[in-house]
Amino acid sequence: MRLIRPTLPRCVFCLLVAAMGCSPASQKAPPLAGHPEQGAAPVFRVDPETAGSISGTIRYTGKRPHPTIIDMSEDPACVEAHRGKPIDASLLVSSNGALANAFVYVKKGLEGKSFEIPSTPVTIDQNGCWFQPRVLGIQTNQILQVTNSDPVTHNIHPLAQINREWNHSQGAGDAPLVRKFIKPEIMIPVKCNIHHWMRAYIGVVDYPFFAVSKQDGSYTIAGLPPGRYTIGLWHESLGTQEQEVTVPPHANTVVNVTFKGK
């Protein structure tokens with residue numbers, strides 16, 4: 001006698017296979033909150049008991065630049081908003097040679113370390129028909145907040161080469177723009193397509209160890225783990241430099257740098 005095996009209808013068989021594929025055991029569990037995805041580097045924690053710092057002064061040698069007046073007459077609202085004679089800020093040197101707006105950052109020495117992304121945004125404001133500040137640093141994936149304090153419409157256009165280039169107009173009273181840069185890039189020029197004299201520069205790094213020299217030329221990079229580093233220095237008119245430095249545990253290392261004028 002021939003045995004006849006019972007068969008399931010094709011539709012029922014497909015439903016059983018689909019149900020097996022969707023069973024809880026076969027699903028990939030989502031990563032736990034606060035834990036990195038598999039393969040992602042764990043967040044590196046700097047020991048405050050051994051952390052050191054780098055500080056110093058950036059100076060300029062050579063003939064001091066003559067102040068150049070920026071002509072904003074094409075937009076009377078900018079003239080009124082600025083309330084004075086706007087001076088070109090591409091090379092700011094004090095009476096004693098201190099150099100402002102030099103970007104100082106750790107260029108080498110932190111490879112393989114992943115750092116927590118700051119929760120506080122970095123803000124760039126359009127004020128007096130300038131970008132304020134002119135030079136700023138930000139960590140990858142940290143929030144950049146763009147505001148407009150002027151009574152006129154502006155346009156912020158970061159000319160990124162490694163990150164995604166974007167371009168956005170912002171009217172008076174508009175809500176802040178929120179953006180991020182996901183890759184390191186030194187430096188990203190920023191312009192306003194409406195007011196050609198508006199310029200800024202953004203340094204994007206993977207860690208919180210950077211600074212911009214102040215009006216007196218001073219800078220400080222704090223909270224560094226002890227080690228040997230290459231410090232990168234950038235200035236929009238004077239180019240770049242590098243300095244090798246060793247940061248001992250719980251100590252400040254002084255690195256003074258001079259840029260020569262052309």
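Reply: Let's start with Arg45, which is exposed at 56% relative accessibility. The scale here is: buried under 20% relative accessible area, exposed over 50%, partly exposed in between, with a 1.4 Å probe and protein chains only. Keep in mind that this is a predicted model, where local features need pLDDT of at least 70, side-chain atom pairs count only at pLDDT 80 or more, and totals for chains, interfaces and linings use all residues. Residues are numbered from 1 along each chain as its sequence is written, and side-chain values use heavy atoms, with hydrogens and water left out.

The partner of Arg45 is Glu116: their side chains meet in a salt bridge, 2.9 Å from N to O. That pair links distant parts of the chain, 71 residues apart, with Glu116 in the loop between strand 2 (103-108) and strand 3, and Arg45 in the loop between helix 1 (10-21) and strand 1 (52-61). Glu116 is exposed too, at 52%. By salt bridge I mean a side-chain nitrogen of Lys or Arg within 4 Å of a carboxyl oxygen of Asp or Glu. Helices (H or I, at least four residues) and strands (E, at least two) are DSSP runs, numbered from the N terminus.

A search of the whole structure turns up three salt bridges. One of them joins Lys107 and Glu242, whose closest N and O atoms are 2.5 Å apart. Here again distant parts of the chain are linked: Lys107 is in strand 2 and Glu242 in strand 15 (residues 239-247), 135 residues apart. Lys107 is partly exposed at 39%, and Glu242 is partly exposed at 42%.

Then there's Arg134 with Glu236, a salt bridge with 2.7 Å between the closest N and O atoms. These two are 102 residues apart, Arg134 sitting in the loop between strand 4 and strand 5 (135-139) and Glu236 in the loop between strand 14 (227-235) and strand 15. Arg134 is buried at 11%, whereas Glu236 is partly exposed at 22%.

Now the sulfurs. There's one disulfide in the structure, and it joins Cys78 to Cys129 with 2.0 Å from S to S; the cut-off is a pair of cysteine sulfur atoms within 2.5 Å. The angle about the S-S bond is -80 degrees, a left-handed link. Cys78 is in helix 2 (residues 76-82) and Cys129 is in the loop between strand 3 (122-127) and strand 4 (130-132), so the bond ties together parts that are 51 residues apart in sequence. Cys78 is buried at 0%, and Cys129 is buried at 0% as well. What about Cys192? Its sulfur is too far away for a bond, because the closest cysteine sulfur, in Cys78, is 8.0 Å off. Cys192 is itself buried, at 2%.

On to the rings. Six aromatic pairs come out of a search of the whole structure. One of them is Tyr207 with Phe209, stacked at 6.4 Å centre to centre and 25 degrees between the planes. The rule: rings of Phe, Tyr and Trp (its six-membered ring) pair if their centres lie within 6.5 Å, with planes under 30 degrees apart counted as stacked, over 60 as edge-to-face and the rest as tilted. Tyr207 is buried at 12%, and Phe209 is buried at 3%. Ring pairs also tie Phe44, Phe115, Tyr207 and Phe209 into a cluster.

Phe44 has a charge over it as well: the charged end of Lys113 sits over its ring, 5.2 Å from the centre. That counts when NZ of Lys or CZ of Arg is within 6 Å of the ring centre and within 35 degrees of the ring normal. Arg179 does likewise over the face of Trp166, at 5.0 Å from the ring centre.

His157 belongs to strand 7 (residues 154-158) and is buried at 9%. Its side chain makes a polar contact of 2.6 Å with that of Glu165, and another of 3.3 Å with the side chain of Asn193. A polar contact is a pair of N or O atoms within 3.5 Å; within protein, one must be able to donate a hydrogen and the other to accept it, and residues adjacent in sequence count only if both atoms are side-chain atoms.
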